[in-house]
Amino acid sequence: VPMVAPGNVQVHVINSTLAKVHWDPVPLKTVRGHLQGYKVYYWKVQNLSRRSRRHVEKKILTFRGNKTFGMLPGLEPYSSYKLNVRVVNGKGEGPASPDKVFKTPEGVPSSPSFLKITNPTLDSLTLEWGSPIHPNGVLTSYILKFQPINNTHELGPLVEIRIPANESSLILKNLNYSTRYKFYFHAQTSVGSGSQITEEAVTIMDE
C-alpha cells in the first residue's frame, strides 16, 4: 500500500452545502504501485444549532488519477465537519492525512413543522406552530402573512406580522366575523426566509 499521506490539505467552504478540498500530491515513488487516485473521508461532527451528537456516518468520495482537489456536495448547513485524504493504489489505501475541521455557514430554515389554528371567536383566532425540524442556523424570527378570502374566492389586503423566534403561539385579534382567512407562515435565519406553510381558518358567525 502507499507509504505516505497527502500533505497540505486545505478546505475552502463555498456555501452552506458545498466545500472544495485541496491537497498536495504524494511523491510518485511513495505510491509503491499504480496511482489510482485519492479518497476523501468526511463526516459531520455536530450540528451547530443542536448540541446533540448522533451516530457519525463517514462518507467517502474517490477522485481518480492525479487530481489534487475535489468538491464535497450535499453538506448540511450550520454544521461542523472533519475530513482527511488518503492516496489509493491497486493494493489499497495509504495512511490518512491529519483530520481537518471545517464549518458550514447558516442556510435558510425548513418550513415550520406545523401550523394549527384554534379557538375561533367573532373577531379572533389562535395560532400555534412548531419550529422547523431543520433550522439550518439560528432562527431570527417568524413571518406571518394573512388575508381574507371572500365568497367568490377573491383575496383581500395582505397583512404581515413579524414574530420573535422564541414564540410558539399568537392570538390574532380585530378580525372580521364569519370570515375565511388564508395564512402564510415561514421562519427566517440571518441568511433569509425558509419555505412557507399555508393554512385557512374561519372566524365564527355569531356567539
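Mentor: Start with S16. S16 is buried, because its relative accessible area is 16%. Buried means under 20% relative accessible area, exposed means over 50%, and partly exposed lies in between (1.4 Å probe, protein chains only). A word on the source: this is a predicted model, in which local features need pLDDT of at least 70, side-chain atom pairs count only at pLDDT 80 or more, and totals for chains, interfaces and linings use all residues. Residues are numbered from 1 along each chain as its sequence is written, and side-chain values use heavy atoms, with hydrogens and water left out.

Trainee: Where is S16 found?

Mentor: S16 sits in the loop between β1 (7-15) and β2 (18-24). Strands are DSSP runs of E, at least two residues, and helices are runs of H or I, at least four; both are numbered from the N terminus.

Trainee: Which residues does S16 touch, beyond those up to four places away in sequence?

Mentor: Contact means heavy atoms within 4.5 Å. By that rule S16 touches L75, E76, P77, T104, P105, E106 and G107.

Trainee: E76 is on that list. Which side chain does E76 meet in a salt bridge?

Mentor: The general idea comes before the case. Side chains of opposite charge can pair when their charged atoms come close. The rule asks for a side-chain nitrogen of Lys or Arg within 4 Å of a carboxyl oxygen of Asp or Glu. E76 pairs with K44, at 2.6 Å from N to O. E76 lies in the loop between β5 (69-72) and β6, and K44 in strand β3 (residues 35-47), so the pair ties together parts that are 32 residues apart in sequence.

Trainee: How many salt bridges does the whole structure have?

Mentor: The search finds six. One of them joins K145 and E160, at 3.9 Å from N to O. K145 is in strand β10 (residues 141-149) and E160 in strand β11 (residues 159-164), 15 residues apart. K145 is partly exposed at 25%. E160 counts as exposed at 51%. Elsewhere, salt bridges that share partners join K39, R86 and E93 into one network. Within it, the closest N and O atoms of R86 and E93 are 3.7 Å apart. R86 counts as buried at 17%, whereas E93 is partly exposed at 25%.

Trainee: Where is V85, and is V85 buried or exposed?

Mentor: V85 belongs to strand β6 (residues 79-89). V85 is buried, because its relative accessible area is 0%. Leaving aside neighbours within four places in sequence, its contacts include W23, Y38, V40 and S97.

Trainee: What does the side chain of S97 reach?

Mentor: That side chain reaches the backbone nitrogen of V85 at 2.9 Å. S97 itself is in the loop between β6 and β7 (100-103). S97 is buried, with a relative accessible area of 3%.

Trainee: How is the chain divided into domains?

Mentor: Domain bounds come from an automatic or database domain assignment. Here the assignment gives domain 1 (7-104) and domain 2 (112-202). Their centres, taken over C-alpha atoms, are 42 Å apart. Four residues from domain 1 and six from domain 2 take part in the contact.

Trainee: How much area do the two domains bury between them?

Mentor: The size of an interface is often given as the accessible area lost when the parts come together. Buried area is the accessible area (1.4 Å probe) that two parts lose on being put together, summed over both. Domain 1 and domain 2 bury about 380 Å², 52% of it on carbon and sulfur atoms. In domain 1, R50, P77 and Y78 lose the most area, together 78% of what that side buries.

Trainee: How many salt bridges cross the interface of domain 1 and domain 2?

Mentor: The rule finds zero.

How values were computed. Polar contact = N/O pair within 3.5 Å; in protein donor to acceptor, adjacent residues only side chain to side chain.
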